[in-house]
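Please walk me through this protein model, from the whole chain down to single residues. Plain paragraphs will do.

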Amino acid sequence: MTVLTVLTVAAVVLFGAGRAYSRYLARQLGEDPSRQTPAVAHEDGRDFVPTPTPVVFAHHFASIAGAGPIVGPVLAIIYGWLPALVWVLAGGVLIGAVHDYLATYMATREGGQSMATVARRMLGKDAFVAMTIFLIVMLALVCATFLNLSAVALTSMLPFERLELPPDQTLFRVVGDRVVIGGIASMSVIVITAVAPLLGWLYLKKKVAVWKCSLLAVAICAVSIAIGVYRPVVFGQTEFLGWTFSGQEIWMLLLSAYVLVAAGVPVWIFLQSRDFVNVHILYVGMGALLVTLLVAGLRGDGGSAESIPAINIAEGTEAMGMFWPGMFIVIACGAVSGFHSLCAGGTTCKQLNSERAARQIGYNGMLLESFLAACVIAVLMIGAVKGNYIRDVHPRLLGPVGSSNAVLGFAMAVGNAGKIAFGIPIAVGALAGMVLLEGFLVTTLDTAIRLTRYLIEEVWRTFFGQYDVFALPVGMDTARSWGTGDTPVGADGIPPVPDQTAEEPAPFAPKITSGAFRWTLLLLRKYWFNSGLAVLITLVFAFSGGAKALWGIFATSNQLLAALVLSLGALWLLRQGRRVWFALLPGLFMLVTTLTNLVLLFEHYRHDLGTNGVLFLADIVLLLITVYLLAGGVRAAWAWRRERPIAVTGATGRAG
């Protein structure tokens, strides 16, 4: 099968069947474009901000894509490109996009709340606490994995001969006898971050047309890369206060400092505006990647003995573990990703100005991500030399020769594909691949830390909501305030959730606090404290293992969250008398797959607790919480069915 055939099949499946299926889902869910969204009802200028759909799509896509649709296929293609492609297409249409749309829709209908809060409304306070802890652990793994990958991307080095560069070249900075290809992307990241607030001010505060802001964003991206060419940023080994930090560790700390600030300031200053600017690199990069593949395909891309084969299960099993559940876990975001539900229930649902936008952004955003994953598979088919690919991405197959660098594997495949298509130097294409990937990585980091902050705030609200520091305005009870827009929302207060298990909610009477306890509660309300806590947890995981070591448990927890959200969505639909098969069946498949992998990881980690102790504990926490949530969900579904028998596949009652 040629690259052109791969791209054609991917386009037909994702943009044909996917588009039709999303409309079917909209009818099943009861989509109502005239219904008021939480962004309008709770507008506060910080977190709840009604925003044009193209801007929200840019933010959402940049946030959900991250490294997943690139790094996942790069790691998993060792099993062969054909099974990777089939999983991306089938998983994207039937599981991933369904999950994203359902999560966005549920969060919007539930007043702009997180999936944990939706779980509380249906399963009670204990389930809420359990799921919130699950989400915090999972998000910390997301942030730690992407933080490692970002630092690796910004410090990647190669010998001259791999890039086909002369020793006197001036495009890249040289350290010793190796070329640093990450320095240009480093400066681009810095420039875009510094200028991003200007774009946010223009399109939100001054109401400048989005298309004009897009033109300015493209110019900013081009200038940032040009500045990077002339002034690349490279950090070497540095000593500070008796500690020695590598260049990669310095970048990890600098990026942590940035996301600490970005997670607390109003959403339009960095999170939304930076994603809006950076997504233009992603759009242009994806377009250039697609054109490169088309031209290379027309010139002939017949696989050689050096190419990655269509089927390579035996070698893949040696490198990554059993084909099932291995490949279905490693390719996370390209097929299905639970992290997307956190974006949907964290930032995206708070910016939608129409309920139809939930489908346009949720379902179509996942389709675009799956298409990106298909393009990555195609570029590896044509541009990856198997020997170099294994040396970069799976060096364990060659013995103890170095650490895994999936970022480098992707960049070199892009460089080779560019040479085949246009005859340009490998170094130019590799640089383009590096800039593209780094743009995805950083945009996900600031979103994920902000979402972690939201969840930590919800934990404090749950445990201390009865005290005056966290209380509602005097005279307002939780039942009356729910969903009215009167509840304080935003950085310093997540709306409290009424106890759905009580027949008549009791009037709210806050307890008065004083002294050290009051000061402690006031501290817990500060967004900068909760952002700092989120960053601290991330750094603990980040320094516990490299990117590939983290990817296994990150991807497993990520897919497991998707399974839980699909199951939660099925229960949510069941309670409204709607069809549930399109959520329940994918949820069950992902549950079996991810729980199997958690058990396998448990066995792997326990044999080397000195190295994997933190990851071993995380694995146990995820297993226990999952079992608890599943038991609670089954009890709730059984109780609801006994009280209100519903034909699961035949009811079509309108959602409330």
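The model is predicted, so local features need pLDDT of at least 70 and side-chain atom pairs count only at pLDDT 80 or more, while totals for chains, interfaces and linings use all residues. Residues are numbered from 1 along each chain as its sequence is written, and side-chain values use heavy atoms, with hydrogens and water left out.

Of the 656 residues in the chain, 60% are buried (under 20% relative accessible area; exposed is over 50%, partly exposed in between, with a 1.4 Å probe and protein chains only). The chain has 25 helices and five strands (DSSP runs numbered from the N terminus: helices are H or I with at least four residues, strands are E with at least two). Among contacts (heavy atoms within 4.5 Å) with a separation of 6 or more, 85% join residues 24 or more positions apart.

Helix α16, residues 356-383, contains Arg359. Is Arg359 buried or exposed? Arg359 counts as buried because its relative accessible area is 16%. Apart from neighbours within four places in sequence, Arg359 touches Ser22, Arg23, Ala26, Glu31, Tyr101 and Asn364.

Leu588 lies in helix α24, which spans residues 581-606. Leu588 counts as partly exposed because its relative accessibility is 44%.
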